[in-house]
Amino acid sequence: QSQAIAKQQNIPLNRPKWIRLSPYTDSSLYAPFRTWHQRFTVLNLRHELSMKGQKLPRFAFQQTPRFPLTFLRELMGAGDNSLELRLKWEKFSPQRKMEIWPELMIKTLQTKTGKTLKVIAGTYAQEPFPPPYALSDCLNYVISFFLGGRPGPRAPNLIRRVHNSVFGLLQIGPKDYLHISQHSTFLLLSHADPFLLKKLYKIMTDLGHPLHQNTLMNFAYRFAKVGETDIVLEILQKLKFYGSDFNSPKMLSLCSKVLDRSVRGPDTAYSDSDIFERMLGWGMQPNIITYNVLIKNSVDIGHHRTAWQIHDMMTESGIEPDTYTYSILLNDSKHRMDSEAIEAVMEIVRGKGLMSAHIVTDVLDTIFLLYRQKAKDHDQPSEPHAAFYHMLKVYMETFRIEPLARIIPWISDILPNVQRLETPPIPKDELEQPPMQTQALMISAFLYGLRDAWAVKQFYNHFRLLMSTSDPAIADFLETTHIWNSILLALGKFPDTLGDCTAILGDMLAPSTVGKDPLASQIEPESSLIGGTFKAQSKVEGSENDIEISKSQQESRRPHIPPKPDVRTWSILLKIFMNQHQTRAAAKVFTMMQEKGIEPNFVTWTSLVNGYARLQDTKNTVDVISRMERSGLEVD
C-alpha cells in the first residue's frame, strides 16, 4: 500500500528503516510520532533533490495548531545555548516533550538546519528520549546537509564541530540507542583528519555501533592513507571474521594500499613480509598490482635483488608482469647506473612486446642518462649526437617521427645515419603519436649533442619562428619551461653566450618584446646572436609536414606566448653566470627572481654558495650560507 501511495504521489522509495519493537518508554508517549515518517520523508526528499540541484516539489507540511510558530522559534532561539534549551526542556512534562519534539525538529530542519545539532543536544539529555529512529533521521539529515552534496573540502572548524557534536550525541542516552546510517558514517570518515578519524572509529567500536563491511573497508582505506597500519590490520582481521572475500577487486585494492611502504607509518610493528603473510593467511591471492607494490617497496629500500626475486615469484605463479613492473625495475637500474640490469630489462621488454609509450620514454631517458654518465666518467664528451642517434632509433620503433621533425628539422640529415643501423621498417599506421614528455626528452638529447653555440642559437631561432606563427606542433610545450631550460643549459656550456641567455629569459618575461631583451640593461649581457632571420625549410622525406611556414600562415596566426620563467629557469641562468665568474650579474639574477615572486630553492642557493667558494670569496660564501639558513634551508 505504501509503495502504491508513493508511486501515485511521485515520491521515490527510501531504503527500509529498522525500528525497535519494544521501545524504551511507554509507547503511548510516541503517539505524536505516528506521522513522523511521512513528514520526514517529504522533507528529506526535498533536501536530496536540492543537493543534486534539481527542481523541488511542493508538499504541504502538517502543522499542529497547539504550537504556534513563535513558540517553536523561541525554542530554536534557545538552541543557540544548549544549556538554556535544556533548562527550558526540563520544565515540560514527558507527554508535552513528545508532543513538541517532532514539531520542533521538523521546523528546525526545514528553516534553521544549522541549529539542528544544538537543538538535539538540548532536548536529548533526559528521559523520555525521542524515538531512536527520529533522532537518527535528524542526525543523518544534518550530517548530509553539512558534509554531503557538493564535492571539495569543508572548513576545518565546521568539520570539527559536526564530528564533536556527533561524538557527544552517540554517547548520550541508553547504550545502543542512537545509530547513524552507514552513509553518514562514510561522510564523517571521508572528511575527518587523522585525529578525528581515530576518535570516530574508537567511539563507534567501543559503543558497538553497527558497521557494514563496506564501511569498515572505507575506514581501513582512510587509515592506510594516513599510515595507521596497525589499525588497518585490526580492521582486516574483523573483515575476515565477518567472511569478507579478500579477492574482490575492492579488497585487493585495499590490501595493495596497506602493503605500499610510501604511505605506511614509521611506528608500525609489521614488515612487508609480515603483512603479506597475514593477507595470504586471510585468503588473498596476489594480483599484478600486489606484486608491483612489493617490487616497488623493495627498490625503494635498495633491495634490488629482492625485487627481481618477487618478479620471478610472480611469473612462476602465472601472473605476467606488465609495463609498470618493468618501468619500476628499469628506473631502479637507472638510479643505480647498472648498465647490465638496464640492458636485461630492455631485452625482456622488447622480447615481450611491451614497448608502450610510458616504458619507451623510460628507456629513452635511460639511454640518455647512460651516455651522459659515460661522458662524465671519461671526462670527455661522447661523439656528437651519439646519444640522440641511439635514442632516435628506439623512438622510431614506437612513435611517428613527423611531430618531432617539425621541431627539429635537421632530423632529415640525421635519419640516414639511424637507418644504417638496419632498423626494420614499421608501418606508419602502427606508430603512436608521441607524448609531449617524450618529445621534450628527445629535444633535450638533441641540444645536449650540439657542439657549438651557433647550432644552439640556430635551433632557438627556429623554435622562435614556430612560436611566432603559433605552430600547433609546439602548443603542448607552452605549459612548461622544459624546452627553454634545455636551451639555456645547452647555451650555458659555451663562453660568450651570456647575452644570448638573458635574451631567452627576456623573451619569456616579455613576449611582446621578443628580440628586445628587457634584462639587457639590468644584467649587462654581451652581444647576442639570437633574433636573426634564420628560417628552417627542411622536411622529413616522405612526410606531409613541411617545415616551411608560408607568409600567409604567419600573418593569420597570433604568436604563442611562452611560459614565465620558473625557479628552475632562474636557477639555471644564475648558475651559468657563476660558472663564468660573473658574480655581480648572478647576484642581480637572484634579486630579480625574488622581485618576480619566485622563491629560491635549495639548488638556487647552493649554486651561489658553490660559485663563491670556487672563487675563494670567503666573505660572500659565508654571507650566502647565513642567508640560506635564515630562509629555513639547511646547508649540507
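Reply: In helix H9 (residues 182-191), the buried residues are Ser184, Thr185, Leu187, Leu188, Leu189 and His191. Buried means under 20% relative accessible area, exposed over 50% and partly exposed in between, with a 1.4 Å probe and protein chains only, while helices are DSSP runs of H or I with at least four residues, numbered from the N terminus. This is a predicted model, in which local features need pLDDT of at least 70 and side-chain atom pairs count only at pLDDT 80 or more, whereas totals for chains, interfaces and linings use all residues. Residues are numbered from 1 along each chain as its sequence is written, and side-chain values use heavy atoms, with hydrogens and water left out.

Me: Which helices are included in what covers the buried residues of H9?

Reply: Covering here rests on contact, which means heavy atoms within 4.5 Å. By that test, the cover of the buried residues of H9 includes helix H7 (132-147), helix H8 (156-171), helix H10 (194-207) and helix H11 (213-225).

Me: Is Thr215 buried or exposed?

Reply: Thr215 has its place in helix H11, and, leaving aside residues up to four places away in sequence, Thr215 touches Gln182, Thr185 and Leu189. Because its relative accessible area is 4%, Thr215 counts as buried.

Me: Which side chain does a polar contact of 2.5 Å join to that of Thr215?

Reply: A polar contact is a pair of N or O atoms within 3.5 Å; within protein, one must be able to donate a hydrogen and the other to accept it, and residues adjacent in sequence count only if both atoms are side-chain atoms. At 2.5 Å, such a contact joins the side chain of Thr215 to that of Gln182.

Me: How many disulfides does the structure hold?

Reply: A disulfide is a pair of cysteine sulfur atoms within 2.5 Å. Cys138 counts as buried because its relative accessibility is 0%, and Cys255 is also buried, with a relative accessible area of 0%. For the structure, the number of disulfides is 0.

Me: How do the residues of the lining of the second largest pocket divide into nonpolar, polar and charged?

Reply: Ala, Val, Leu, Ile, Met, Phe, Trp, Tyr, Cys and Pro count as nonpolar, Asp, Glu, Lys and Arg as charged, and the others, Gly among them, as polar. Sorted in this way, the lining residues of the second largest pocket come to 10 nonpolar, 10 polar and 5 charged.

Terms used. Helix = DSSP H or I, 4+ residues; strand = E, 2+ residues; numbered from the N terminus.
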